[in-house]
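Here's a quick briefing to read alongside the sequence and the 3D view. Take a look at the picture, then follow the points below.

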Amino acid sequence: VTKNNWIRAGDITCRNGDSIIKQIETRTVSHIYAMGSSGRIYTIPVDKIVGIKHEGVPVSSLIDSGGDTIVGIIGGNPKDSFVFMSSDGYGFKCELSKLTTRQRSGKQLVTVRDDIKAITPVKMDKGKLHIFTDSADYMCIDSKEIPSSEGGRGLQLAKIVDCTVLCVAINSNKQITVRYPVKDRYKTSSVTVPAVPRASKPKQYFSKEIVKYILNDPLNVTLE
């Protein structure tokens, strides 16, 4: 999968200005899923992309997204769970097997409203759910607190005021790494962050330079 949401099975030759951002290990009889900012989830059968060569194809050509902005592409074992959140801090976890739909237009998974959008899903794991906002604030909660659901709004995972959630990650490390685009390449910055109780105010840990790039291109920022 590339930064500009092109995809193919196997090695991919990127177009100018594009780059590979992730590889998904799955089976040809399985599915991968595209998450739209509208909260809709789209199913792509893996066998539809097997045999596509060179640059691959844009994900938008495999689904009927109606102009929906794709914010993440996920896949794996059908029993794997992912965390789905909206930019107002609400979310839940759900198994991949619960996402599948035969409709090219997808189905509504995350409830959004007004200017609230769904953000990039992350794979469920042990450790902390790290949350980063557009005001450069950071907070985290134990991943055990994330409720299971097959869709909807979920529970409030991040208490935020006058800002929106940009991206999240789950790990058990004492450091969190921000990976962000700078011109035609990516840079990373790691900081040691303490666990911030849910009731506490979020804190700012990252430099103004990093914040600037994150605000310019939030969909291509990841936490690790």
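**Isoleucine 73 and its surroundings**

Leaving out residues up to four places away in sequence, isoleucine 73 touches Val1, Asn5, Ile7, Lys22, Ile24, Ile32, Tyr33, Ala34 and Val59 (contact means heavy atoms within 4.5 Å). Keep in mind that this is a predicted model, where local features need pLDDT of at least 70, side-chain atom pairs count only at pLDDT 80 or more, and totals for chains, interfaces and linings use all residues. Residues are numbered from 1 along each chain as its sequence is written, and side-chain values use heavy atoms, with hydrogens and water left out.

- You'll find isoleucine 73 in strand β5, residues 70-75 (strands are DSSP runs of E, at least two residues, numbered from the N terminus).
- Isoleucine 73 counts as buried because its relative accessibility is 3% (buried means under 20% relative accessible area, with a 1.4 Å probe and protein chains only).
- Lysine 22 is 51 residues from isoleucine 73 in sequence, yet their C-alpha atoms are 9.0 Å apart in space.

**Threonine 101**

- Threonine 101 sits in the loop between β7 (90-95) and β8 (107-108).
- With 16% relative accessibility, threonine 101 counts as buried too.
- A polar atom of threonine 101's side chain lies 3.2 Å from the backbone nitrogen of glutamine 103.

**A ring and a charge**

- Arginine 153 has its charged end over the ring of tyrosine 90, 3.7 Å from the ring's centre (the rule asks for NZ of Lys or CZ of Arg within 6 Å of the ring centre and within 35 degrees of the ring normal).

Key
Helix = DSSP H or I, 4+ residues; strand = E, 2+ residues; numbered from the N terminus. Buried < 20%, exposed > 50% of the residue type's maximum accessible area, 1.4 Å probe, protein only. Polar contact = N/O pair within 3.5 Å; in protein donor to acceptor, adjacent residues only side chain to side chain.
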